Amino acid sequence: MSTNRVEEYLEAIFKVAQLGKVSLTTLSKELKLSAPTVSEMLKRMAKNDLVTLKDGISLTRNGSRLAKKVIRRHRLSERLLTDILGLPWDKAHDEACKLEHVITGEVEDQLAKSLGNPKTCPHGHPIPSKDGKVKIEKTKKLDTLKSGDSAIIKLVFEDDPKMLKYLSSLGLLPDVKIKVKEVAPFGGPIIVKIGRSMYALGKTIASKIEVARV
């Protein structure tokens with residue numbers, strides 16, 4: 001098995017598990033691969049003590065350790081690309097996917113030190129510590145808020161570069177405070193206020209933003 005390919009699967013399983021139970025369908029969607037292809041790879045990974053396939057898909061202790069390792073390198077790479085090199089956050093994810101497989105442990109340590117040991121990636125996702133600890137904050141999706149609610153944006157899912165670019169143009173970034181002014185009925189848009197500006201967000205975009213109420 002290709003090491004890069006295994007790492008991509010481990011990373012995907014870990015990410016999907018943060019949202020709920022991992023099934024063949026949800027994992028295939030995350031990886032953008034066919035179910036038969038994913039199923040065959042999972043069988044190989046199970047033989048190597050990386051995943052278990054009973055009652056869904058889950059990482060073994062060894063698989064979880066390796067997943068956190070690659071996620072740490074990925075998110076540190078995103079910080080390098082945005083904070084040091086000035087790459088827009090909508091391009092950082094795809095570029096970090098290439099770097100995460102080639103960074104050595106020594107480079108990882110130096111990178112974390114040079115960046116000031118950041119706790120989150122540019123999109124707000126937690127960066128696992130060197131010893132594999134991950135601090136998960138309690139959040140809720142923006143589309144579940146009600147009119148009058150105030151919240152702080154905690155993270156944005158990075159799977160759509162065009163959406164990230166759009167959100168950036170509106171100033172909808174992690175650590176930004178928002179206030180819901182109106183929630184239109186029948187699945188209509190959510191009107192949010194940032195500073196003196198107000199924007200209408202569709203349900204699809206709002207569901208990609210995790211917030212903490214204040």
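Me: Which helices and strands do the buried residues of α7 pack against?
Reply: This is a predicted model, in which local features need pLDDT of at least 70, side-chain atom pairs count only at pLDDT 80 or more, and totals for chains, interfaces and linings use all residues. Residues are numbered from 1 along each chain as its sequence is written, and side-chain values use heavy atoms, with hydrogens and water left out. Helices (H or I, at least four residues) and strands (E, at least two) are DSSP runs numbered from the N terminus; contact means heavy atoms within 4.5 Å, and buried means under 20% relative accessible area, exposed over 50%, partly exposed in between (1.4 Å probe, protein chains only). The partners of the buried residues of α7 are α5 (89–99), β4 (150–156), β6 (190–194), β7 (197–201), α8 (203–206) and β8 (209–213).

Me: Why do the buried residues of α7 lie on the same side of the helix?
Reply: Helix α7 covers residues 161–170, and its buried residues are Met163, Leu164, Leu167 and Leu170. They share one side of α7 because the arc they cover around the axis, taken from the directions from the helix axis to the C-beta atoms, is only 120 degrees.

Me: Is Leu111 buried or exposed?
Reply: Leu111 sits in helix α6 (residues 105–114). Leaving aside residues up to four places away in sequence, it touches Leu76, Ser77, Leu80 and Ile103. Its relative accessible area is 10%, so Leu111 is buried.

Me: How far apart are the C-alpha atoms of Thr25 and Val38?
Reply: Thr25 belongs to helix α2 (residues 24–31) and is exposed, with a relative accessible area of 63%. Val38 is 13 residues from Thr25 along the chain, and their C-alpha atoms are separated by 9.4 Å.

Me: What is the radius of gyration of the chain?
Reply: The chain has 8 helices and 8 strands, and its C-alpha trace spans about 55 × 40 × 25 Å along its principal axes. The radius is taken over C-alpha atoms, and the globule rule is 2.2 Å times the number of residues to the power 0.38. For 214 residues a compact globule would have a value near 17 Å, which agrees with that of the chain, 18 Å.
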